[in-house]
Amino acid sequence: MGALLAAFVLGCAGSASAVSPVSFGPTPPHNPYVGPDGTATMHGDAGSSDTTPLAGPGVGTLSSSRTALASACPTILVGADGYPVALCTPIFGQVPTVHLLDPDDGSSLTTLKLTKGSLLGGVYAYIDHQDRLVVADGSRSLLRIGHHRDAEGDWSLRVDRSLSLASVIPQDDAVTGLAPDWDGRVWFATGGGLVGTADDTTGAVKALSLPAGERVANSISTAPEGTAVTTTHATYLLTAKAGAPEILWRTAYDRGSARKPGLLSWGSGSTPTFFGPARGTEYVAVVDNADTAANLKVYRTADGSDVCSVPVLRAANGPGSENSPVGIGRSVFVAGTYGYPYPAVPEGAGTSVPASADFAGGLSRVDVRADGTGCGLVWDNALRSAAVPKLSTADGRLHTVVRDPLIPGTKGTSLLDPYRYVQIDPDSGQVTRSTKVGVGSLYDTLQMAGTIAPDGAYLQGTVTGVLRITAQ
């Protein structure tokens, strides 16, 4: 997932060279109940590929601006009308708040407060095919929030449709992830290990309890083949039988002996990623939590059988990732978060072992063999990404924000660390362009996901608001 907002509770510009569009292969098919691919979900699309068909900041001098919202903003989405919608949690009061942003300068046009719930609840959301934000709030209600403009030109946000999920979700539980399937049902998963479906046209809500002790700490992904859910113990593929969730397969992974520093749960930190060379959904990828290494796990979507298990993030010596992998064609990119200094972790996450560590970072590329019989590590580096990277198929670059050490050459972190927006060549893993976006904790991107807007601006949530990086 991009590391959750729950964790926060409580440069020189270069010139861009011409690049060719990425030709790795197809992205997951467009879900007709989701807004534009690349901008409608935290991870780009319903399959959580973390790819986008939009080009990022182009040729020209890079510059950045910050919209100060006194809030951590892990979710920034854009519908077909081009207006960004941010789901944020204020530092004071911690009441989830929706912001409609001006696409020209990133300023907040209007807001709507939601019912406060658990720290993990209300982080994940998506934009539907009618430009409405779909989210579950603290009242255990599924909301569709539209933005509307009156005759005077003033904007407002309001709940256009609401459906209670309280009939299946206990009061002490909350939705952590949700996504629609190809029939328009909204699938959801809760921290307590429930997986359910909701139809807010008929009012039908159905749920299935996963095995006791399994929690869901990240979001979920959908493809025509089914809904992928990764718990703190295993990855599942489910489908709906008469509208009710049914497990097609379950594959356990090595969850290790404890939570690691830089992860927010004891288990995989991945929202499962659909990818593949023919349909864009032949495989599902997650990263495990094995004690001595972080392994990329690739499964066949059809039956859950293993394609490969490849150690990643070895160059950085950081065996852990809280982020969803980037997947396209036969290629997967994994960014490491081991040791990332989150201000807090969710209740019940458990003590990390060791108690703390330097932020290792790391970025790895793994390719599935053409015949699907295994995988190989293509490259591996120690780049310290502080956000979930996004791969643009339009400009052929990975886009992210990195956290540099205050003292070059050291491995620690501080409240005065500098942050840089970077573009990375996916063929080599090398940074091709960068610009400093700020210094200090106000600019902490907290392993949250960035979004490339239709105008090429890179929008990135921080612990205090939203960064907007552009080229002029």
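Let's start with a pair of side chains: Asp183 and Arg185 meet in a salt bridge, 3.1 Å from N to O. By salt bridge I mean a side-chain nitrogen of Lys or Arg within 4 Å of a carboxyl oxygen of Asp or Glu. Before I go on, the housekeeping: this is a predicted model, where local features need pLDDT of at least 70, side-chain atom pairs count only at pLDDT 80 or more, and totals for chains, interfaces and linings use all residues. Residues are numbered from 1 along each chain as its sequence is written, and side-chain values use heavy atoms, with hydrogens and water left out.

Back to that pair. Is Asp183 buried or exposed? Asp183 is exposed, with a relative accessible area of 57%, while Arg185 is buried at 18%. The cut-offs are under 20% relative accessible area for buried, over 50% for exposed and partly exposed in between, with a 1.4 Å probe and protein chains only.

How many salt bridges does the structure hold? There are 17. One of them joins Arg144 to Asp200, with the closest N and O atoms 2.5 Å apart. Arg144 sits in strand E9 (residues 141-149) and Asp200 in the loop between strand E13 (194-199) and strand E14 (204-209), so this pair ties together parts that are 56 residues apart in sequence. Both Arg144 and Asp200 are buried. They also belong to a network of salt bridges that links Asp128, Arg132, Arg144, Arg161 and Asp200. Another pair to click on is Arg365 with Asp367, at 2.9 Å from N to O; Arg365 and Asp367 are buried too.

Now zoom out. The secondary structure comes to zero helices and 34 strands, taken as DSSP runs numbered from the N terminus, at least four residues of H or I for a helix and at least two of E for a strand. The C-alpha atoms fill a box of roughly 60 × 55 × 45 Å along the principal axes, and buried residues make up 63% of the 472.

On to the holes. We work on a 1 Å grid over the protein atoms alone: a cavity is a set of points where a 1.4 Å probe fits but cannot get out, a pocket is an open set with protein on both sides within 12 Å along at least five of seven lines, and lining residues have an atom within 4 Å of a point. Points are joined across faces, edges and corners, and the volume is the space filled by probe spheres set on them.

The largest cavity has a volume of about 110 Å³. It has 15 lining residues, with Thr41, Ala125, Leu178, Ser219 and Ile220 nearest its centre. Which strand gives the most to that lining? That's E11 (residues 175-180), with three residues.

The second largest cavity comes to about 30 Å³. Ala217, Asn218, Thr230, Thr231, Thr232, Ser265 and Ser268 line it.

Last stop, the second largest pocket, at about 290 Å³. Its lining runs to 19 residues, and nearest the centre you'll find Ala316, Phe359, Ala360, Arg384 and Lys411. Okay, that's my tour, over to you.
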